[in-house]
Amino acid sequence: MNELMAARSLTTLPVVTLDGEAVAQVKDTVFDAAAGRITGFTLSGRSLLSGPLKRSLPWSGVHALGPQAVMIRDALALRDTSVVVARREAQQGRVLHAKVLTDEGTEVGTVLDVIVEGGTSGRVVGFRIAAGKALVQGSRRRRHRVYVPRGETLAVSGRALVIPADATRYVADDLPAFATRVGAFRAGREGTAS
């Protein structure tokens, strides 16, 4: 599995051609939450005072997503923003601050961030959530933040994200441990499908 990254950490990453030219920086990540994939990035200029660009980067134009840069073959990968940010996909991608419910009807927390796999997949593998009492016992004053696998997300709206109940058995406190838990979750799901 490639390195896992929080979607919020992708903001301001440089977009660099394979020739080494920095052409933009990431403004926002656009993804289709129901399909579990990044669909592209909106962009801004490279300087501190630059505003949003009229061109964006569809996922099909990404050569690789890494922790320090988004790599593209050349500037021809950039497209008109309307191509990348289709209204329907942008609405589906609104999961921040949504309640996280299991398919058994238990509320387990609130979405803080989306966790994506680097490299060439663009796959959403899980979420960082503010865990509720049903997931993590403890003081209500101390909001425990954990990572939970996406699984086959059953429903996504601006208000709720529904995940399989068994995903809650693979919770991790930090991103490196979460990579291992995602692998175990996938292996467990494949084992039950046989």
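Q: Is Leu-4 buried or exposed?
A: Buried means under 20% relative accessible area, exposed over 50% and partly exposed in between, with a 1.4 Å probe and protein chains only. Because its relative accessibility is 8%, Leu-4 counts as buried. This is a predicted model, in which local features need pLDDT of at least 70 and side-chain atom pairs count only at pLDDT 80 or more, while totals for chains, interfaces and linings use all residues. Residues are numbered from 1 along each chain as its sequence is written, and side-chain values use heavy atoms, with hydrogens and water left out. The answer for Leu-4 is therefore buried.

Q: How far apart in space are Leu-4 and Gly-66, C-alpha to C-alpha?
A: In sequence, Leu-4 and Gly-66 are 62 residues apart. In space, their C-alpha to C-alpha distance is 9.4 Å.

Q: Which kind of aromatic pair do Phe-41 and Trp-59 form?
A: Rings of Phe, Tyr and Trp (its six-membered ring) pair if their centres lie within 6.5 Å, and planes under 30 degrees apart count as stacked, over 60 as edge-to-face and the rest as tilted. With 6.2 Å centre to centre and 50 degrees between the planes, the pair of Phe-41 and Trp-59 is tilted.

Q: What is the relative accessible area of Gln-25?
A: Leaving out residues up to four places away in sequence, Gln-25 has contacts (heavy atoms within 4.5 Å) with residues including Thr-12, Pro-14 and Arg-46. Gln-25 is buried, and its relative accessible area is 15%.
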